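Here are my notes for your read-through, written as numbered points. Keep the model open beside you and look up each residue as you go.

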Amino acid sequence: MKKLVFLVLFIKISSSLFAQNTVEKDSITQLNEVIVIDTLTAENAIGIIPSQTIGASTFANYSPVDFTSSINQVSGVYALSGALNTNRITIRGVGARTLYGTDKLRLYYNNIPITNGTGSSTIEAFDLENLTSVEIIKGPKGTGFGTNLGGAIILNTKQLSDQPTKLTNNTTIGSYGLFKNSLGFTHSQEDFYMTLQYGHMEIDGYRDNNRFERDGFLLNTIFKLSAKSEIGLLINHIDYSAQIASSISQEDFDEDPTQAAFTWQSAKGYEDNNYSLIGLSHTYYANSNIKNTTSLFYTYLDHYEPAPFNILDEYTNGYGFRTLFSGKINISENALLYTFGAELYKDEYSWGTFENLYRDNNGNGSLQGDRLSQNKEFRSQINAFATASYSFTNKLTAQLGLNSNKTQYNFRDLFNTGETNTSANRDFKTLFLPSLDVNYAITAFNQLYANISRGFSNPSLEETLTPDGIINTDIVQETGTNYEIGIEHKSKDDRLKLDVAFYLMPINNLLVAKRVGDNQYIGRNAGKTKHQGVDLDWSYRINLTNKIMISPFISYTYSNHKFVDFIDEEADADYSENALTGVPKNKINSGIQTNFGNGLFANITHQFIDEIPLTDANSLYSDSFNLLNIKVGYKNQITDKLRVGIDFGINNLTDTKYAQSVLINASGFGGNAPRYFYPGNTINYYGGVKLNYTL
């Protein structure tokens, strides 16, 4: 009874952070900026959905190659990077059990969904230098962004439309053969805006069989048709190839972390990708009370990956639309702010596998042999959503939200016939996922917020298969409820900022992937987990003189995630109450940004990652580690039209030996030791020159 009373009281105060949107300043000392971007929050100015946005000042702390370090500066988020093409992002522990890649969250590019039909996202397909900001919604609070248990990440390329016509070029060189160049052109006038960017990057990598090369271009345009209507076109294309060093065992990690896994080195394994995104959007302002934005989009991915166990050849055609209505209705002395809309994503995924005859290729690496399989999947997701927000007083605001999700898979085996054919359909039940947010302004500078929201995660189609390739209809979606309470504090002079959030999120029907062979996994619902922790972000700006400013910052993540009910029947083991695999209990990102007022700046950043349980039995942990990075630079207006900047950075200043990513519950095959570790880079250097010319 006491627990029920506590829950009722908690729900009554449940709310979300009032995220205030301001325009980011071009200053490396401005911390924790929130940028005006065309997302659900900004479109409706409701500000009731809690999110955290990083932009230019955060990106300025790191190399333009290092996307994951910028994301790791956000509390509650942990991005692991086995290589530039091997990343896994977890939010509040959700997604930590995913063996490869990022899932259980939804990824957007300028409001266009780019997560595929099974929930997988590839953030490495996008160039950091093309982005103006990254907005992160932690947990299923984002009613209009899919209500995935992990949350949502919105990549934004949009800039202020009143910028002058200009050319920019940024060249970076560094250790391991790094060369990166980004060339951009921006033009705007009263009724037209355009940015065009082209980037090239290549790097040999720290490890053997680790070369990465990428080319890409971005076109983003907005054309005003009238005072009420505008249309936008987005084209993003990335072509990259990446050798795969893969994970290595503890013995190999201790002996020589630069080596690639033996079989991947022998096969000279790699992946080759062509990714294209085309989006057409239209925004219509009917009047001061209602607005609609509708986007149509198409995505294409061509992926070829020779691995030691087989060669994968696949392509995906995806398409869909997203529409959002927002407006307000005057009720009494206040306005009811509302949104409603829908998002449809469909894709056609075709893939086949072939024998890899690298052992018979005289040491020349992979050689394609006979076909082993040929398959096609038709996958679709539709999300419908609505929110309503009302300020009952000048201090108290509440928002109700509802998201509905429907997911379907249609799998066709085009290789096997008769009884061996495994074609099947999977139609998941429709989910209805409510959310309640409350915000209370204690003072003009202190806000208390809380949230209670439902979320879900879909299994991939592969996870629903048995070892024989037959659909397992017993596999269901993961579902969970997020309970969150927090406070946002700002000083009157805006120098001090503090955000603290406490959350609890029980998750049912935990999806567990079990390895049954080389690159073959099956899924099952194994029990329950409890995600609970604290996210803290603090920053302070100190004016030492009229010109010198120092801005220390820290983000701290405490994660006390556990299995509540987890029995592995095959291993005859009970893992209940064990720590959740793949999540460090403590993560700290801190640093100091210094601006000397004459164009000279110096940034120092530090990261601490606690030990990580690598097995469900908690019998093996990775070592904790500290990383220290430094970056200095100078920028100056040479003429009225030309601005020049130079910078130099050192990563891993103390030359720490560490695992930058880990593989949980690794298994050894053929008498080989399990391969848990992706070694991080040793001390390395980079430098860059940036030119900005106004036409």
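1. Let's start with the salt bridges: the count comes to 19, where a salt bridge is a side-chain nitrogen of Lys or Arg within 4 Å of a carboxyl oxygen of Asp or Glu. Before going further, a word on the ground rules. This is a predicted model, so residues are numbered from 1 along each chain as its sequence is written, local features need pLDDT of at least 70, and side-chain atom pairs count only at pLDDT 80 or more, while totals for chains, interfaces and linings use all residues. Side-chain values use heavy atoms, with hydrogens and water left out.

2. Take the pair D616 and R97, whose closest N and O atoms are 2.6 Å apart in a salt bridge. D616 sits in the loop between β34 and β35 (625-637) and R97 in the loop between β3 (86-91) and β4 (102-103), so this contact ties together parts that are 519 residues apart in sequence. The strand names come from DSSP: helices (H or I, at least four residues) and strands (E, at least two) are DSSP runs, numbered from the N terminus. Are D616 and R97 buried or exposed? Both are buried, and the cut-offs are these: buried means under 20% relative accessible area, exposed over 50%, and partly exposed in between (1.4 Å probe, protein chains only).

3. Now try R214 and D127, another salt bridge, with the closest N and O atoms 3.7 Å apart. R214 belongs to strand β13 (residues 212-224), while D127 is in the loop between β7 (120-121) and β8 (133-138), so the pair ties together parts that are 87 residues apart in sequence. Both R214 and D127 are buried.

4. Compare that with R211 and D204, which form a salt bridge with the closest N and O atoms 2.6 Å apart. R211 has 27% relative accessibility, so R211 counts as partly exposed. D204 is partly exposed too, because its relative accessible area is 40%.

5. On to the strands. Strand β18 (residues 334-356) and strand β19 (residues 368-391) run antiparallel and are joined by 20 bridges; two strands pair if DSSP finds at least two bridges between them. On the next pairing, β19 runs antiparallel to strand β20 (residues 396-413), with 17 bridges between them. There, R379 stands opposite Y409 in β20. How many residues does the hairpin from β19 to β20 go through? The hairpin that joins them goes through 4 residues.

6. There is also an open sheet of 5 strands, in the order β1-β8-β9-β5-β6, with mixed pairing. β1 (52-54) and β6 (112-113) stand at the edges with a single partner strand each, so one side of each has no neighbour in the sheet. Inside that order, strand β5 (residues 106-109) and strand β9 (residues 151-156) pair in the parallel sense over 4 bridges. Y109 stands opposite L155 in β9.

7. Have a look at the surface as well. E251, D254, E255, E611 and D623 gather there in a patch of negative charge. Patches are made of residues with over 30% relative accessible area and no salt bridge, with like charges joined within 9 Å and nonpolar side chains (Val, Leu, Ile, Met, Phe, Trp, Tyr) within 5 Å. Lys and Arg count as positive and Asp and Glu as negative, while His and the chain ends are not counted; a charge is placed at NZ of Lys, CZ of Arg, CG of Asp or CD of Glu. D254 itself is in helix α5 (residues 250-255) and is partly exposed, with a relative accessible area of 46%.

8. The surface has a nonpolar patch too: F596, L600, Y634, I646, V689 and L691 have about 470 Å² of accessible area together. Areas come from the Shrake-Rupley method with a 1.4 Å probe, and for residues only the protein chains shown count as cover. F596 lies in the loop between β33 (586-595) and β34 (600-609). At 31% relative accessibility, F596 counts as partly exposed.

9. Last, two residues to look up. T473, in the loop between β23 (446-457) and β24 (478-490), counts as exposed at 57% relative accessibility. S188, in strand β11 (residues 178-189), counts as buried at 14%.
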